[in-house]
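User: Could you take a close look at one part of this protein for me? I would like the cut-offs along with the description.

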Amino acid sequence: RRAALATRLLRERGARAVQVLHPRIDTAHWDLVVAPEHDGLAGPNVITLCGSLNPVDDAWLARARAAFPAFARLPSPRTLVLLGGPTPAVRFDRGAFEVMASKLEHWLAMGGGSLLVLGSRRTPPKLAALARSYWADTPGQRWFGPEDGANPYEGALAWAERIVVSPDSVNMVSEACATAAPVYVAEPGRATGRVRRYLDALLARGRIQPQSKLPHDAPAEPLRETPRIAAIVRERLFAGG
């Protein structure tokens, strides 16, 4: 979105321009605008997608598995937990973490396995510390910043057999859904506004499930919007040569 002014000015000088994300002004300033469905943007030059653009595909996942071979030796099932934090639209606080963690504890008690718990820039230090203490003796890895070494995010996505995501990040949920793993969202009802609309759309499609007392793992069809959007952009921009 920060590039909107530059691409608008370039188009005025003859360039073809595609704006990614809602520019917050008239979309007629660009040849095409690519925006998430949950933004509610419409127009003759608007292309919408479910979630966010990301690079996750079979080749990306294969490279990630090759780069993080040690994850293959973790006890199965390997559960990846993507932990965000509170936002104006989502109240993901200590109470929300405790609910998510208690369900994960039940999963581990019933089925064993390992946990890969990864934080984000929004994860409060108190939640990170709590996560470390909760699963100090559980096989797997915890990562909340450079102090924990190299970010294993790509490898964790690639090796995960199921993924649990906090309900605050469209990007994290989108990238989880681009894998073939079942995706569980912790209390999606905590989300409001645009994020809630996105999660509701995924629930309706059956691509995510609310995290419950027990997992209901089933084969999942990866949701990969990037190649679909790229094909539409090529057709719309370059039709007829």
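User: From which domains does the lining of the largest pocket draw at least three residues each?

Analyst: Happy to walk you through it. This is a predicted model, where local features need pLDDT of at least 70, side-chain atom pairs count only at pLDDT 80 or more, and totals for chains, interfaces and linings use all residues. Residues are numbered from 1 along each chain as its sequence is written, and side-chain values use heavy atoms, with hydrogens and water left out.

The lining draws at least three residues from each of domain 1 (1–49) and domain 2 (58–210); these bounds come from an automatic or database domain assignment. The C-alpha centres of domain 1 and domain 2 lie 32 Å apart.

The largest pocket has a volume of about 1,000 Å³. A pocket here is an open set of points on a 1 Å grid over the protein atoms alone, where a 1.4 Å probe fits, with protein on both sides within 12 Å along at least five of seven lines. Grid points are joined across faces, edges and corners, and the volume is the space filled by probe spheres set on the points. Lining residues have an atom within 4 Å of a point; there are 32 of them, and R122, S169, V170, N171 and M172 lie nearest the pocket centre. By type, the lining holds 15 nonpolar, 11 polar and six charged residues. Nonpolar covers Ala, Val, Leu, Ile, Met, Phe, Trp, Tyr, Cys and Pro, charged covers Asp, Glu, Lys and Arg, and the others, Gly among them, are polar.

At least two lining residues come from each of strand 2 (32–36), strand 5 (114–119), helix 6 (170–177) and helix 7 (193–205). Helices (H or I, at least four residues) and strands (E, at least two) are DSSP runs, numbered from the N terminus. Helix 6 gives the largest share of the lining, four residues.

The buried ones are V170, M172, V173, S174, E175, A176 and C177. Their cover includes strand 4 (78–83), helix 5 (153–159), strand 7 (162–165), strand 8, helix 7 and strand 9 (208–210). At the N-terminal end, S169 caps helix 6, with a side-chain oxygen 3.4 Å from the backbone nitrogen of N171.

Methods
Buried means under 20% relative accessible area, exposed over 50%, partly exposed in between (1.4 Å probe, protein chains only). Contact means heavy atoms within 4.5 Å. A polar contact is a pair of N or O atoms within 3.5 Å; within protein, one must be able to donate a hydrogen and the other to accept it, and residues adjacent in sequence count only if both atoms are side-chain atoms.
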